[in-house]
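Me: I am new to this structure and would like to learn how to read it. Could we take one feature at a time, with the general idea before the case?

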Amino acid sequence: MPPRTIGAWELTAVIGRGGIGTVYRAQHRATGQPAAVKLLGPPPAVDPNAARRLAREYEALRDLDHPNVVRVFEAGVCEGYGYLAMELVEGLDLRSYLSLDLDLPGGDAVPWSEGTPSDGGAGAFGLEAWSGEPATDEHASGGGRATLLSGPDAIRAFAEVLEEPETDESSGEFCSRAREADPWESGPDDVPPVPPRLVERLNRPARMNRLAESLRQVCDALVYVHARGLVHRDLKPSNIMVDDERRVRLMDFGLVRSKDEGAGSGVSRRVVGTYRYMAPEQARGLPVDARADLYSLGVILYELLCGRPPFLTQPPGELAREILTRRPPPVASLNPGADPRLAAMAERLLRKDPAERFQSAAEVLQAVRAAERAAQAPGAGPDR
C-alpha cells in the first residue's frame, strides 16, 4: 500500500483508478488545502512512460494560469512513488455532465458526485464502450525507501530506474498501409438514426444550453493553451471536468507537446492519444499542430449531438482506418433535430485535411457565440 503522506500531502481517500495509476483526495498537512494527488508506483509495477508523462504534465501546467485549465501544485517522487498534486475538481466529466438523465422532466438538477475522478465517469448515453480508454482497477502497491525528491527531473530519473526506452503506447503499425488508402472512401449508407425518443432528449433546451456553455469554456481554454505553443493531443470527454458551479476544467496534459516540436521531421511513426478522438494526421504519426485538438473537439461535439461518436469500430487498427478514410454520417442523418449551426461546426471540425477545418480555437469560439446568439434570437424557436 502507498504511504499515507506524499510530500506535503496527506492522502485521505481514493478518487479513482485508471490505466496509469491512482488518484487520491488529499490535503496539505500545513494549510489544509485540498488537492487531487495522482500517484504512480512503486517499481516495477509502474509504466516508465506514465512517469515521463507525469513529469511532462507538471511542466506544461505549472506555468499556465487560466480559469478553465486545471492548476498543479507540485510533483516529485516519494518513497518509490511518482506523484503529481493538482487542483481538486469536484464534479463530473463532460459526458456525464451532459447525460440524458440530467434532463428528464421535473428539473435540471445536476447530481454532483463528490470526488468524481478526472479519468472516468458514467457514459452519457451508455457509450462507455466507445470511449476507447483503458479501464482497470489494478492498483500498484509495495514498499519503498523513505525519500522525497521534488520536481519533474526526479520523476524522469524515477522512470530511468525502470530501464525501459521512452516509447508511447502504440507504434502506428497501420500507418504505412493507411497512407495508401483512398482518403474519401464512402461510409455505410444504412446508418440507423437515433431513436425519436432519444432525439427529443438529446435536443432538450436545458441540455443544449449546457452543451453550448461548456463548449465555449473549452474553446476559451484551448485559445489560451494554443497561444502558448502547446497542443494537448488527448482531448476527450473524460479529460474535461465540469464543477458544481458549471465551470469547465481542461485536464490531463500528459501527452502535451509544443506545436513546433518535431516540425519538419516527417513521419514520426509514433502514435499517441486515444484513437476514438484522434485526428487523422495524429493517427498517421505525423507532427501535429493546434488543428489536431480542434478535430478532437469536433469528435466530442459530434458525440454530444448524436449520442454516439463518428466511428463505432472497436479494434484500433480498423478504427484508425475509418478515421483516415471514411466520412462520418452527417449529424442530421442521426439527429434530425440537432442545431444546424452546431452540426455544421462539428462536421467542419471533422474534415480530414487540417486546412479545411477551423484554423484556430478562436474561430471556433466565435462560431459558438454566433450559434448561441442565433438560438436566442426572436423567432428562433425553442432554445436551440
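Me: Which residue stands opposite Met 241 in β11?
Reply: Two strands pair if DSSP finds at least two bridges between them. Here Met 241 stands opposite Arg 249 in β11. Strand β10 (residues 240–243) pairs with β11 in the antiparallel sense, over 3 bridges. This is a predicted model, in which local features need pLDDT of at least 70 and side-chain atom pairs count only at pLDDT 80 or more, while totals for chains, interfaces and linings use all residues. Residues are numbered from 1 along each chain as its sequence is written, and side-chain values use heavy atoms, with hydrogens and water left out.

Me: What is the order of the strands in the open sheet?
Reply: Strands (E, at least two residues) and helices (H or I, at least four) are DSSP runs, numbered from the N terminus. The open sheet has 3 strands in the order β7-β10-β11, with antiparallel pairing. At its edges stand β7 (91–93) and β11 (248–250), each with a single partner strand, so one side of each is left without a neighbour in the sheet. On average, neighbouring strands of this sheet are turned by 25° against each other, direction ignored.

Me: Which helix packs on the sheet?
Reply: Contact means heavy atoms within 4.5 Å. Axes are lines fitted to C-alpha atoms, for helices over the stretch in contact, and angles run from 0 to 180 degrees between N-to-C directions. Helix α6 (residues 205–227) packs on the sheet and touches β10 and β11; the direction of α6 makes about 40° with that of β11.

Me: Why is strand β4 described as largely enclosed?
Reply: Buried means under 20% relative accessible area, exposed over 50%, and partly exposed in between (1.4 Å probe, protein chains only). In β4 (residues 34–40), 6 of the 7 residues are buried, so the rest of the structure largely encloses this strand.

Me: How many bridges join β3 to β4?
Reply: Strand β3 (residues 21–28) is joined to β4 by 6 bridges, and the two run antiparallel. With strand β6 (residues 81–86), β4 pairs in the antiparallel sense over 5 bridges. There, Leu 40 stands opposite Gly 82 in β6.

Me: Which residues form the aromatic pair?
Reply: Rings of Phe, Tyr and Trp (its six-membered ring) pair if their centres lie within 6.5 Å; planes under 30 degrees apart count as stacked, over 60 as edge-to-face and the rest as tilted. The structure holds 1 aromatic pair. Trp 9 and Phe 73 form it, stacked, at 5.7 Å centre to centre with 20° between the planes. Trp 9 lies in strand β2 (residues 9–18) and Phe 73 in strand β5 (residues 72–78), so the pair ties together parts 64 residues apart in sequence. Trp 9 is buried at 1% relative accessible area, whereas Phe 73 counts as partly exposed at 23%.

Me: Where does the charged end of Arg 348 sit?
Reply: A charge sits over a ring if NZ of Lys or CZ of Arg is within 6 Å of the ring centre and within 35 degrees of the ring normal. The charged end of Arg 348 sits over the ring of Phe 358, 4.0 Å from its centre. Arg 210 lies over the face of Tyr 97, at 5.2 Å from the ring centre.
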